[in-house]
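Trainee: I would like to read this model step by step. Can we go through it together?

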Amino acid sequence: MELEKIAPSENPFLPGEVEQKEENSAMAVVSSGEVARVQGQIISAKRFPRDQFRAYERIMQACRRPKLAKEAIYAYPRGGTTVKGPSIRLAEELARNWGNIDMGVRELSNANGESVIEAYCMDLETNSRDAKTFTVKHERKTKAATKILDDPRDIYEAVANQGSRRKRACILAIIPG
């Protein structure tokens, strides 16, 4: 007696394969939508290039606003010295006024008590891109102990905080000094 061979896609004893194909299809749709969005932004940026002089003027005008000026620099003590630099809000304002910039933070995965995150910034006119992929553990360290985060809001805030820092670094790497 000869056994009939069943193709893997027809094998009822391989659960999950159908779900995997559906997940891959969904990812392909999301990916193609993302590609189309970025292509549209690049075409728009090429059609309407930035005027660097006007962008600089807008940036300088924005920095004259008292609220932004107050938040423009961060500073914190570290090892007996003070660490200072341009704040996240300043970097975002630079990008907004420089124009034709795509920037953001996205969660690539969330499993086993940690999130894998990507922060990025792309100059749509020059196709210059900087991205940082990193892992944020769902925990908060204090001097006393490490606390595991289980509240979704606490996890979101930890991820958003780390993501904003990396996004700032990406923006500052792309926009000319």
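Mentor: We take the pockets, then the strands.
Mentor: This is a predicted model, where local features need pLDDT of at least 70 and side-chain atom pairs count only at pLDDT 80 or more, while totals for chains, interfaces and linings use all residues. Residues are numbered from 1 along each chain as its sequence is written, and side-chain values use heavy atoms, with hydrogens and water left out.

Trainee: Which element gives the largest share of the lining of the largest pocket?
Mentor: A pocket is an open set of points on a 1 Å grid over the protein atoms alone, where a 1.4 Å probe fits, with protein on both sides within 12 Å along at least five of seven lines; lining residues have an atom within 4 Å of a point. Here 18 residues line the largest pocket. Strand 1, strand 5, strand 6 and helix 5 each give two or more of them. With seven residues, the largest share comes from helix 5.

Trainee: How many residues of that lining in the largest pocket are charged?
Mentor: Asp, Glu, Lys and Arg count as charged; Ala, Val, Leu, Ile, Met, Phe, Trp, Tyr, Cys and Pro as nonpolar; the others, Gly among them, as polar. The lining of the largest pocket has six nonpolar and three polar residues, and its charged residues number nine.

Trainee: Which helix gives the most to the lining of the second largest pocket?
Mentor: That lining includes Y56, I59, M60 and W98. By class it has eight nonpolar, one polar and no charged residues. Helix 2 (52–63) and helix 4 (88–98) each supply at least two residues. Helices (H or I, at least four residues) and strands (E, at least two) are DSSP runs, numbered from the N terminus. The most, three residues, comes from helix 2.

Trainee: Why is strand 4 largely enclosed by the rest of the structure?
Mentor: Buried means under 20% relative accessible area, with a 1.4 Å probe and protein chains only. Strand 4 covers residues 114–123. It is largely enclosed because, of its 10 residues, the number buried is eight.

Trainee: What is the bridge partner of Y120 in strand 5?
Mentor: Two strands pair if DSSP finds at least two bridges between them. Strand 4 runs antiparallel to strand 3, with 10 bridges. Strand 4 also pairs with strand 5 in the antiparallel sense, over 10 bridges. In strand 5, the partner of Y120 is A131.

Trainee: Which residue takes a positive phi in the hairpin of strand 4 and strand 5?
Mentor: Four residues lie between these strands. The positive phi, near 60°, belongs to N127.

Methods: Buried means under 20% relative accessible area, exposed over 50%, partly exposed in between (1.4 Å probe, protein chains only).
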